[in-house]
Amino acid sequence: MSTFDYTVLDRAIEEFGNAESSLISILQSAQEHYRYLPREVFPYLAEKLNISEAKIYGVATFYENFSLEQKGKYVIKVCDGTACHVRHSVPILEALRKELGLSEQKKTTDDLMFTVETVACLGACSSAPAITLNNEIYPTMTPEMAVALVKSLKENG
Amino acid sequence: MLKSREELQVLRSSCATRLNTENKRVIVCAGAGCVSKGALKIYDKFAEIMKGKGVNFSLELQKDPHGDSVRLKQSGCHGFCEVGPLVRIEPQGWLYVKVKVEDCEEIVEKTVIGGECVERLAYTQDGIVYKEQKEIPFYKKQTRLILDNCDKIDATSIEEYIATGGYTALEKALFDMKSEDIINEISESGLRGRGGGGFPAGRKWSQVARQNNFPKYVVCNGDEGDPGAFMDRSVMEDDPHRMIEGMIIAGIACGANDGYIYVRAEYPKAVARLNLAIKQATELGLLGDNILGTGYSFKMHINRGAGAFVCGEGSALTASIEGKRGMPRTKPPRTVEHGLFDKPTVLNNVETYANVSTIINNGSEWYKKIGTETSTGTKTFALTGNIQNAGLIEVPMGTTLREVIFDIGGGVRDGGEFKAVQIGGPSGGCLTEEHFDLPLDFDSLSKVGAIIGSGGLVVMDKKTCMVEVARFFMDFTQKESCGKCVPCREGTKRMLEILNRIVDGKGEDGDIELLKELGETISKTALCGLGKTAAGPVLSTIKYFEDEYRAHIYDKKCPAGACQKLKTITIDPELCKGCSKCARNCPVSAIKGEIKKPFTIDQKLCIKCGACLSNCPFKAIKEV
């Protein structure tokens, strides 16, 4: 693992500082770059910020947005906020999981192309039910539209 | 860099003059709803067409305006998301709804050049054509104080904010008022925290002001995690300076020099807009050291949330800013004494700070006239769910539920029948027909076991199962429980298990009583607000819809016909052609029959998965 590139972390430490209060911001930068938190991050930050690895691991596993597993190239989030829920977001989630062979436990396809997860409210309640594809909002979806979207992404690689 | 009050006033009057020379405006709503429906393509198309036709137009507030100039701009959310994309024409105030890229040519030709209204794009309701935005029933009953700028100004321009009176309240607070005067004005106004609890803002500020422990902090809770709410998002994205101005004034009043804004990670645009606004205000000298030459300094910081609902709770939020797991702690000591970094902290939410400049500018006497005696001012609501006019609204406190749902919201969507409205999200409760004339304010709502919360109003029709809704909220709260205290960690888990078995048709005698007992125990014993209110949706649905619970448990039926596992799936022998496709798709071999004769489903084996339903080529399989 000597080839791991730490410059992303160094840049984040430079930007936010090495106080404990910068930890979440630094982890967010790492997550944005790698799309997950590689295990190399923990010992390195523990040393640089002078806090224990356990504490960093504790923070990383507490917050929903941090992932210790790699995510797909296309991250699809199905909104399951109240407004989307009462306008039937669950069938959309089920259709996507079925199309990609995913489940509540298995969120990412083996080829690392797709990740399907739920999000509690995107704040796009007026466009319910909504999903996001890599942070772009797709409004008033149906299971059929969601499956068609995945199919077109598969074709275009 | 502005060095004095006079320099700010000179800038304001020059910005205002420049804004007033724009004698025609085409305002494209660039709120989240309209953008997701293609508003930005419409904006680009307008620019392309105007350029092609040689119209004298500009995209920004011009430095040196001349002639008969048309302004094309993107504004924030107009609130009427249901009929977006929206385009408003000024000075006439015409609103065009459901605008498509193909309509742009006609709008430029007829309206921008010809000065005529394109009536086919105007909003129509019950056969009446409403040309002007202010006449539309959706807008007519609203009082937009907090959202006033959202549909008017370009949120990326500090000059437009200043031109429309922005930072006058800061000026007043810095030069004409002492810190006690500010606190008195806020106390007198009756402003109560808009984040949920409704604690008087002035009292909170005075408690921080009298602490003799420095530094002090001003923190803004922008972690709008309540599913079904997006009011704070609009303020942060569409009028960020209003909130920043409120925070600086809180800083002056309490003797703080640092402000922290904690924004939900799901709102990347809000983060970008706030960052830009802070940069602009700092460059102008309205933030930073020696503001307008007064010697007062205030610096602003932004922290992005990382996805934890519990961080909406004060002590969890400050823990998260400190870089820790966002877990609440026991109180006292309270945040006003030992808050962020263990220092005295004013913590309010976005909408509360957004009210401050309005109060300082107009005075508490004026402000108190809006709303009710104990709940003054306005409240923004996100009106969503099975409602005709989904969107963002702002009404005086005390407006009735009937006015909100029917006059503004246009009633239940697609002609459905009203059943309930969920208010206050996972911490709140439901309101039913009997509450139609209930005024929406802090005290009236708490009397009926609901809370105003941050302001999500999710309307549900007769096809919504209330037990399933309660299960949905409990599933949310259980996942978001931080795990620190036993009542919430274990109690929500047990309640969720019971609710799951009820909707799965396995409810048992005594489940309702057990849910009530667990719920009441959690409410009494949990550590923080999230836990204390976690049982709200369950207890309130049991209160108003106990018969629905009983039907699930004792009759194994879902009266709303929504719970999949309680449905009976049958094959209509008249329509079935005996093709056997359903039998081949059934994962548990519950369907049997002879080819070319009607098949039947063995109800004892059927697991109600619905695999047969979607596969029948003759639509012979039905759910009841």
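Into which domains is chain B divided? Colour these ranges: domain 1 (11-137), domain 2 (158-368), domain 3 (378-461), domain 4 (466-554) and domain 5 (567-623), with bounds that come from an automatic or database domain assignment. A word on the ground rules: this is a predicted model, where local features need pLDDT of at least 70 and side-chain atom pairs count only at pLDDT 80 or more, while totals for chains, interfaces and linings use all residues. Residues are numbered from 1 along each chain as its sequence is written, and chains are lettered from A and ligands numbered from 1 in the order in which they are written.

Next, show chain B as a C-alpha trace; along its principal axes the trace spans about 90 × 65 × 40 Å. Switch to cartoon and you get 24 helices and 20 strands in chain B (DSSP runs, H or I of at least four residues for helices, E of at least two for strands, numbered from the N terminus).

Now select domains 1 and 2 of chain B. Their C-alpha centres lie 33 Å apart, and nine residues of domain 1 are in contact with eight of domain 2 (C-beta atoms, placed from the backbone, within 7 Å).

Time to go inside. The largest nonpolar core has 224 residues, and those with the most contacts inside it are Val28(B), Trp205(B), Ile249(B), Ala250(B) and Val421(B). Such a core is a set of buried Ala, Val, Leu, Ile, Met, Phe, Trp, Tyr and Cys residues joined through C-beta atoms within 7 Å; buried means 20 or more other C-beta atoms within 10 Å of the residue's own, all placed from the backbone. Highlight helix α11 (residues 240-254) of chain B, which gives the most to this core, with nine residues. Then centre on Val421(B): leaving aside neighbours within four places in sequence, its contacts include Leu401(B), Ile405(B), Cys430(B) and Met460(B).

Last stop, chain A. Select domain 1 (7-62) and domain 2 (74-156) of chain A; their C-alpha centres lie 29 Å apart. Where does chain A meet chain B? Look for 31 residues of chain A in contact with 41 of chain B. On the chain A side, α2 (23-34), α4 (53-62) and α5 (82-86) each give two or more residues, with the largest share, four residues, coming from α5(A).

Definitions and conventions. Contact = placed C-beta atoms within 7 Å. Buried ≥ 20, exposed ≤ 12 C-beta atoms within 10 Å, placed from the backbone.
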